[in-house]
Amino acid sequence: TWAASLDVAGTWQMELYRRKDEAAFSGGLGDREFGHWWKVLQPGESFSAPRAWVTVTDQPVPRAWDRLLESFGEESGPASEEACPVIFNEWCTSWGSPTHKNLIELADRLRGSGVKHLVIDDGWAERPADALLQSNGDWIVNKTAFPEGLEGTVRELREREIDPGIWFEFEVVNPGSAAWSETSHLLHRDGQVLQVGSRRFWDFRDPWVHEYLGEKVVALLRSNGFRYLKVDYNDTIGLGVDGAESPGEGLRQHLEGVVGFFQKLRNELPDLVIENCSSGGHRHSAPFLRTCAMSSFSDAHESVDIPIITANLLPVVPKQKLQVWAVLRKSDNARRLHYSLAATFLGRMCLSGDLHELSTEQWATTQRAIGFYRELAPTFTQGTCQRHGPVLSSYNYPEGWQAVVRTAGDECIVIAHTFANAPKRIEIPCPKGNWQISGIFAEQPEKFLTEADQFVWDCAGDFAGIVARFYKSGC
């Protein structure tokens, strides 16, 4: 198995083709035809192409994935990230309408639960009365929702032993903001301000933009003592921008500036945990993964395809950086709760939804998941993952089952899910050894066991989830 990865924040390409009797493999920045990129060098000038990593192995394919992930560089994040703490994000609770009151209600439920961060998502800033979106760009606190400003909310969350976090989408500006009219500092294409839907984009090649966002973003984080930042990004610039010899080169320079601002955040606020979020996941690339502590895997929040998407991303994002959401509803039965919560064991657990309205039984199930997750999280950086199960022809309407087996020395973790029309008995290959179960999170834990060289799940039915931990006895 040959595998390669490029250290590129923007447009890139790879080509595999046959040349006579040999296989050829090339890649790099998107070229003129596909990436609208070319670079003009004057006498005496130079240009360094981005780094590329290439590996080859005769071991199972996941070993090639792990080698590439290891090559990305040092782990990024403060020391607090070593334990992979649990996060709660209120986006799927308030749907863009956070208030001091509802955040305190959530914090009262979360206190003592093992959840460390409560993230205030979109909606904390002022917006025009007739706007669907807040006025990204000005970043003025909504005093109707937060009468004492963010300071009062942060103080009361900390009194409840919850570490607050906050959301920004600082690369874009929206209609209704004063920033919307700062056209000399925004990206252009073909001489016009670049606008995608309702968004325009700051030009991160411009020192003025870095200074402005330093005042709006860095200063707000520092003055309120935030140690967790979720950075969103929900539109694509497209093929390129003005300001260089080619649209693609303009885009490359701009994104180099974006990564530079992330690095500025880390340098000025060394205790800050940065979560990089992008609906569609088009920021799962080495420069962003290396710079940020976590990467949200998708905007699939409540759909049944969450464990499928997450398993697909294991080759691309380190497990300890892959944030997976479980949106819990007061209408969820036991099977749905286990299905949603089990998926978070594939990466970093992030909860959302109706936690403050869950029944005693539902909350007990959630706390069992949190406790078991915290036991396993310190070993996330270890071992190799292997997916098992049939090829799925549909993610929206999946049928069959899936299991991910993570093996690290004498420990083995199995995260399994069933979908529609699941078989009554599922047999999952396991590494050689005498494996004994040492912990389980499941609706019917007695139905999971080992037989010979496989794990066997006499499963509970369709859309069930299970997490089991095994150790190798006799060692």
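In which strand is Ser 352 found? In this predicted model, Ser 352 belongs to strand β17, which spans residues 348-353. The residue is buried, its relative accessible area being 0%, and because buried denotes a relative accessible area under 20%, this value of 0% places Ser 352 within that class. The side chain of Ser 352 reaches the backbone oxygen of Asn 89 at 2.5 Å. Beyond its neighbours within four places in sequence, Ser 352 is in contact with residues including Phe 88, Asn 89, Glu 90, Trp 91, Cys 92 and Thr 93, and its contacts also include Trp 325, Ala 326, Val 327 and Leu 328.

Strand β15, residues 294-296, pairs with β16 in the parallel sense over two bridges, and Ser 295 has Leu 322 of β16 as its bridge partner.

Helix α9, residues 306-313, is likewise described by its burial: seven of its eight residues are buried, so the helix is largely enclosed by the rest of the structure. The buried residues of α10 are Leu 337, His 338, Tyr 339, Ser 340, Leu 341, Ala 342 and Ala 343. At the start of α10, a side-chain oxygen of Asn 333 comes to within 3.2 Å of the backbone nitrogen of Arg 335.

Aromatic side chains were examined next. A search of the whole structure finds 23 aromatic pairs. One of them, formed by Phe 345 and Tyr 373, is edge-to-face, with 5.6 Å from centre to centre and 75° between the planes. This pair links distant parts of the chain, since Phe 345 lies in the loop between α10 and β17 whereas Tyr 373 lies in helix α11 (residues 360-376), 28 residues apart. Phe 345 and Tyr 373 are both buried. For Phe 448 and Phe 455, the ring centres are 6.4 Å apart and the planes stand at 20°, so this pair is stacked; Phe 448 and Phe 455 are also both buried. Elsewhere, ring pairs join Phe 170, Phe 204, Phe 261, Phe 262 and Phe 288 into a cluster. Charged groups also lie over aromatic rings: the charged end of Arg 32 sits over the ring of Trp 38, at 4.0 Å from its centre, and Arg 109 lies over the face of Trp 363, at 4.7 Å from the ring centre.

In soluble globular proteins, nonpolar side chains tend to be buried together. The largest nonpolar core of the model holds 104 residues, of which Trp 124, Phe 170 and Leu 265 touch the most other members. A second, separate core of 19 residues includes Val 414, Ile 428, Ala 442 and Trp 457.

Strand β2 (residues 12-19) pairs with strand β3 (residues 22-29) in the antiparallel sense over eight bridges, and Arg 19 stands opposite Glu 22 in β3. The two strands β2 and β3 form a hairpin with two residues between them, and Lys 20 in the turn has a positive phi of about 55°. Most residues other than glycine have a negative phi. Trp 139, although not a glycine, has a positive phi of about 55°; Trp 139 lies in the loop between β6 (115-120) and α5 (149-159) and is buried, with a relative accessible area of 4%. Glu 161 likewise has a positive phi, near 65°, and is found in the loop between α5 and β7 (163-168), but Glu 161 is exposed, with a relative accessible area of 58%.

Conventions
Residues are numbered from 1 along each chain as its sequence is written. This is a predicted model: local features need pLDDT of at least 70, side-chain atom pairs count only at pLDDT 80 or more; totals for chains, interfaces and linings use all residues. Side-chain values use heavy atoms; hydrogens and water are left out. Helices (H or I, at least four residues) and strands (E, at least two) are DSSP runs, numbered from the N terminus. Buried means under 20% relative accessible area, exposed over 50%, partly exposed in between (1.4 Å probe, protein chains only). A polar contact is a pair of N or O atoms within 3.5 Å; within protein, one must be able to donate a hydrogen and the other to accept it, and residues adjacent in sequence count only if both atoms are side-chain atoms. Contact means heavy atoms within 4.5 Å. Two strands pair if DSSP finds at least two bridges between them. Rings of Phe, Tyr and Trp (its six-membered ring) pair if their centres lie within 6.5 Å; planes under 30 degrees apart count as stacked, over 60 as edge-to-face and the rest as tilted. A charge sits over a ring if NZ of Lys or CZ of Arg is within 6 Å of the ring centre and within 35 degrees of the ring normal. A nonpolar core is a set of buried Ala, Val, Leu, Ile, Met, Phe, Trp, Tyr and Cys residues joined through side-chain atoms within 4.5 Å.
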